[in-house]
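The notes below follow the order in which I looked things up.

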Amino acid sequence: MQPSGALALLLIATLACSSVGATNSTGGLPIVMWHGMGDTCCFPFSLGGFKKYLESNLEVYVKSLEIGNSIVTDYKSGYLIHPNKQVEDVCQQLANDPKLSDGYNAIGFSQGGQFLRAVAQRCPTPRMNNLITLGGQHQGVFGLPDCPSLSSKTCEYFRQLLNLAAYTGWVQDYLVQATYWHDPLNEGAYRESSTFLADINNEKTINETYISNLQQLNKFIMVKFTKDKIVQPIESQWFGYYAPGQDKEVQTLQDSDLFIKNRLGLQEMQSRNQLVFLEYPGNHLQFTKEWFQKNVFPFL
């Protein structure tokens, strides 16, 4: 959902200060990154540093997406600007960037993962080659155990809103996290009232364009953090979720209604080896540079 506190930010800063002599992947596709909740495009101790890390090691153009015209607006976007509006803005940014005209690879951090998936589904030009989601919540969340960078009072207020009124119109409009709040105890309300996630997961109607655009990806790489204390349930990072009607038993993607009814064409993508499932034994967005280089660099 977001960089999980000082440890994750320190990790990214450490990555930024490291260079990898064995990597000389010159001439590769540009990279587009989208930050998570509680972060911005350009903080030097988070994605700003990570941008430099990728540029120095892969020698490619890296665009770290900024929503709005300032760091303040970009920070607020993680909480208060509806994802549909953000995706529309990003699609325009990408279309207007001549350095991306031949395609790009994408890295989404936490909620930036499902937002970039929406870009792939809604905006096929310029073409996204590989989509990498780090701790993304593709089936949503049912819980907000932590929201670093906000005061505990504000975090508790958001939590209460989500628990009590996530599917009311004004909360859907007001709070980003409500748009991917997925209540397994009330699937009907979720499908009817979710203004973002239920749409991009084809749970309202089947949008064939979403399917065909998503299948244009070369690879869709999903990274799950097995000790994640931010995302509930953790399996959402691999498109799994709670079985409908309860919040204890978790289904894999392959056992889910979304997969069985092939709402997003993921069956075909799996049969073509387009889906890649990676995991790291750490908390949310906390990984080592060695692991990232070994497991993610090959897709960049």
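I note that the model is a predicted one.

Entry 1, the helix pair. I applied the term to helix 4 and helix 5, and their crossing is right-handed.

I then listed the residues in contact. Helix 4 contributes Pro83, Asn84, Gln86, Val87, Val90, Cys91 and Leu94, and these meet Phe115, Ala118, Val119 and Arg122 of helix 5. By class, I recorded eight nonpolar residues, two polar and one charged in this contact.

I found an open sheet of six strands in the order 2-1-3-4-5-8, with parallel pairing. Strand 2 (62-64) and strand 8 (275-280) each have a single partner strand, so one side of each has no neighbour in the sheet. On average, neighbouring strands are turned by 15° against each other, direction ignored.

Within the sheet I examined strand 4 (residues 128-134) and strand 5 (residues 219-225), which run parallel and are joined by five bridges. Ile132 stands opposite Ile221 of strand 5.

Helix 2 (residues 47-58) touches strand 1 (31-34), strand 2 and strand 3 (104-109), and its direction makes about 165° with that of strand 1. Helix 4 also packs on the sheet, touching strand 1, strand 2 and strand 3, with about 160° between its direction and that of strand 1.

Note on methods:
Residues are numbered from 1 along each chain as its sequence is written. This is a predicted model: local features need pLDDT of at least 70, side-chain atom pairs count only at pLDDT 80 or more; totals for chains, interfaces and linings use all residues. Side-chain values use heavy atoms; hydrogens and water are left out. A crossing is left-handed if the near helix is turned anticlockwise from the far one by less than a right angle, and right-handed if clockwise. Helices (H or I, at least four residues) and strands (E, at least two) are DSSP runs, numbered from the N terminus. Contact means heavy atoms within 4.5 Å. Ala, Val, Leu, Ile, Met, Phe, Trp, Tyr, Cys and Pro count as nonpolar, Asp, Glu, Lys and Arg as charged, and the others, Gly among them, as polar. Two strands pair if DSSP finds at least two bridges between them. Axes are lines fitted to C-alpha atoms, for helices over the stretch in contact, and angles run from 0 to 180 degrees between N-to-C directions.
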